[in-house]
Amino acid sequence: MADTLMPDDEVQRRLAAELPHWQLEDGWIRRQFKTSGWKSTMLAVSTIGHLAEAAWHHPDLVVSYAFVRVKLRTHSADGITAKDLALAARIEQVLMWRPQDEPGSALEGTPDEARFRHMKHEPAQPVSAAPGSA
């Protein structure tokens, strides 16, 4: 069931395996997305807002000039559930999507030039890395 509370060790294991840029902290899973500035931050916030409404599961956001911090937990369960991991995965997938990295993609993706960049893509962490160790 989606509202079943997950123990912290299971959350840590799932984050390390599935969402290495996310961390478990104070009963929330969280991630900070770096952007190139205000317009890009607003694009990210709007995208997260759309995904949250579609999922009917709403994160807490901290919004600043060049970053947006996403915090997820299921309030009705008073902790982390499968809902949080599912929405985190979708946010990660959409915000970090780079069509140019997909073999055979018909889309060229955002040019790798400072004037066009909007999200700052971190290098992938090895699956065995613990969340927050990079």
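Contact here means heavy atoms within 4.5 Å. The model is predicted: local features need pLDDT of at least 70, side-chain atom pairs count only at pLDDT 80 or more, and totals for chains, interfaces and linings use all residues. Residues are numbered from 1 along each chain as its sequence is written, and side-chain values use heavy atoms, with hydrogens and water left out.

**Stop 1: Arg73**

Select Arg73, in the loop between β4 (67-72) and α3 (82-95). Helices (H or I, at least four residues) and strands (E, at least two) are DSSP runs, numbered from the N terminus. Arg73 has a relative accessible area of 14%, so it is buried (buried means under 20% relative accessible area, exposed over 50%, partly exposed in between, with a 1.4 Å probe and protein chains only). Leaving out residues up to four places away in sequence, Arg73 touches Gly27, Trp28, His57, Asp78, Gly79, Ile80 and Asp84.

**Stop 2: the ring of Trp28**

Arg73 lies over the face of Trp28, at 5.5 Å from the ring centre. The charged end of Lys71 also sits over the ring of Trp28, 4.6 Å from its centre. A charge sits over a ring if NZ of Lys or CZ of Arg is within 6 Å of the ring centre and within 35 degrees of the ring normal.

**Stop 3: helix α3**

Next, select α3. Which of its residues are buried? They are Asp84, Leu85, Leu87, Ala88, Ile91, Glu92 and Leu95. These cover an arc of only 165 degrees around the axis, which puts them on the same side of α3; the arc is that of the directions from the helix axis to the C-beta atoms. What covers them includes α1 (8-18), β2 (28-34), α2 (38-55) and β4.

**Stop 4: Trp22 and Phe33**

Move to Trp22 and Phe33, an edge-to-face aromatic pair with 6.2 Å centre to centre and 75 degrees between the planes. Rings of Phe, Tyr and Trp (its six-membered ring) pair if their centres lie within 6.5 Å; planes under 30 degrees apart count as stacked, over 60 as edge-to-face and the rest as tilted. Trp22 is in the loop between α1 and β1 (23-25), and Phe33 is in strand β2, eleven residues apart. Trp22 is buried at a relative accessible area of 0%, and Phe33 is buried at 1%.

**Stop 5**

Finish with Asp26, in the loop between β1 and β2. Asp26 is not a glycine, yet has a positive phi of about 55 degrees. Its relative accessibility is 71%, so Asp26 counts as exposed. Then select Trp56, in the loop between α2 and β3 (60-64). Trp56 also has a positive phi of about 55 degrees without being a glycine, and is exposed at a relative accessible area of 63%.
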